[in-house]
Amino acid sequence: MKTLLPLAEAARLEGLKSVDFLPAIQALELCPELGRTLASPLLTHQEKLGLLSSLKLDHRAANTLVLLAEGGKISQARDLARLLRLRAIVTAGGALGILSSARPISEENRHRLEKATARRLGVSFVVLEPQIDADLYGGFRIIVSGVTYDYSLAGALRDLGSLLLEV
């Protein structure tokens, strides 16, 4: 992730926003060959940009993808998108976190958890990215701003085990 910070800063200075970069990530996911093609030394920089413009990608996103590919870092495009999204959320007064659960959580419950977490942190809003983690067994875990709020069955069992060892 450290190697992406200078690239994220360069992308920000160029005016690249996460919303512009999302279609580039989707293009890479839909066509894995695209990443290998962009990394190919057989194509010139301009030819690569031309290929991406035919996909109707934002020129800043296209240029960033080509730079990632030419630097051998195309696999880190998703991480760069997350950094750009995090920067946008923090700039707007919010926080980005991960909501882990053993099973999918409804949108309504996710929104409730986002509001409660925002109040607890004292920020304008929180965006929680859902993630399935079968090891939690039940309940959920929120990681945001370096803090973990563990309301999972696995966490409760771990805490109970620690308590029993202290006695």
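R85 counts as partly exposed in this predicted model, at 30% relative accessibility. R85 forms a salt bridge with E129, and the closest N and O atoms of the two are 2.5 Å apart. R85 belongs to helix α6 and E129 to strand β2, so the pair ties together parts that are 44 residues apart in sequence. E129 is partly exposed as well, with a relative accessible area of 21%; the limit for buried is under 20%.

**Overall make-up**

- The protein has eight helices and four strands.
- Along the sequence the elements follow the pattern α-α-α-α-α-α-β-α-β-β-β-α.
- Of the 167 residues, 36% count as buried.
- Among contacts with a separation of 6 or more, 62% are between residues 24 or more positions apart.

**The sheet**

- The four strands form an open sheet with mixed pairing, in the order β2-β1-β3-β4.
- The edges are taken by β2 (125–132) and β4 (147–152); each has a single partner strand, so one side of each is left without a neighbour in the sheet.
- On average, and with direction ignored, neighbouring strands of this sheet are turned by 20 degrees against each other.
- Strand β1 (residues 94–101) pairs with strand β3 (residues 139–144) in the antiparallel sense, over five bridges.
- In that pairing, L99 stands opposite I142 in β3, and S100 stands opposite R141 in β3.
- The pairing of β1 with β2 is parallel and consists of eight bridges.
- S101 stands opposite I132 in β2.
- Between these two strands the chain passes from β1 through α7 to β2, and this β-α-β crossover is right-handed.

- Seven of the eight residues of β1 are buried, so the strand is largely enclosed by the rest of the structure.
- In a regular strand, side chains alternate between the two faces of the sheet.
- S100 is located in strand β1.
- S100 has a relative accessible area of 4% and is therefore buried, the cut-off being under 20%.
- The side chains of S100 and Q131 are joined by a polar contact of 3.2 Å.
- With neighbours within four places in sequence left aside, S100 is in contact with Q131, D133, L136, G139, F140 and R141.
- R141, one of these contacts, is also the residue that S100 stands opposite in β3.

**Helices lying across the sheet**

- Helix α6 (residues 77–91) lies across β1 and β2, and runs at about 125 degrees to β1.
- The salt bridge between R85 and E129 links this helix to β2, as R85 lies in α6 and E129 in β2.
- Helix α7 (residues 107–121) lies across β1, β2, β3 and β4, and runs at about 130 degrees to β2.
- Helix α7 is also the helix of the crossover from β1 to β2.

**Salt bridges**

- Side chains of opposite charge can pair when their charged atoms come close.
- How many salt bridges does a search of the whole structure find? The search finds eight.
- One of them joins the side chains of E107 and R110, at 2.4 Å from N to O.
- E107 and R110 are three residues apart in helix α7, so about one helical turn separates them.
- Is R110 buried or exposed? R110 is buried, with a relative accessible area of 12%.
- E107, in contrast, counts as partly exposed at 46% relative accessibility.
- Salt bridges with shared partners join E107, R110 and E114 into one network.
- Another salt bridge is formed by the side chains of E33 and R36, at 2.4 Å from N to O.
- E33 and R36 both lie in helix α3 (residues 32–39), three residues and about one turn of the helix apart.
- E33 counts as partly exposed, at 46% relative accessibility.

Methods. Residues are numbered from 1 along each chain as its sequence is written. This is a predicted model: local features need pLDDT of at least 70, side-chain atom pairs count only at pLDDT 80 or more; totals for chains, interfaces and linings use all residues. Side-chain values use heavy atoms; hydrogens and water are left out. Two strands pair if DSSP finds at least two bridges between them. Axes are lines fitted to C-alpha atoms, for helices over the stretch in contact, and angles run from 0 to 180 degrees between N-to-C directions. Contact means heavy atoms within 4.5 Å. A salt bridge is a side-chain nitrogen of Lys or Arg within 4 Å of a carboxyl oxygen of Asp or Glu. Buried means under 20% relative accessible area, exposed over 50%, partly exposed in between (1.4 Å probe, protein chains only). A polar contact is a pair of N or O atoms within 3.5 Å; within protein, one must be able to donate a hydrogen and the other to accept it, and residues adjacent in sequence count only if both atoms are side-chain atoms. A crossover is right-handed if, with the strands pointing away from the viewer, the path from the first strand over the helix to the second runs clockwise.
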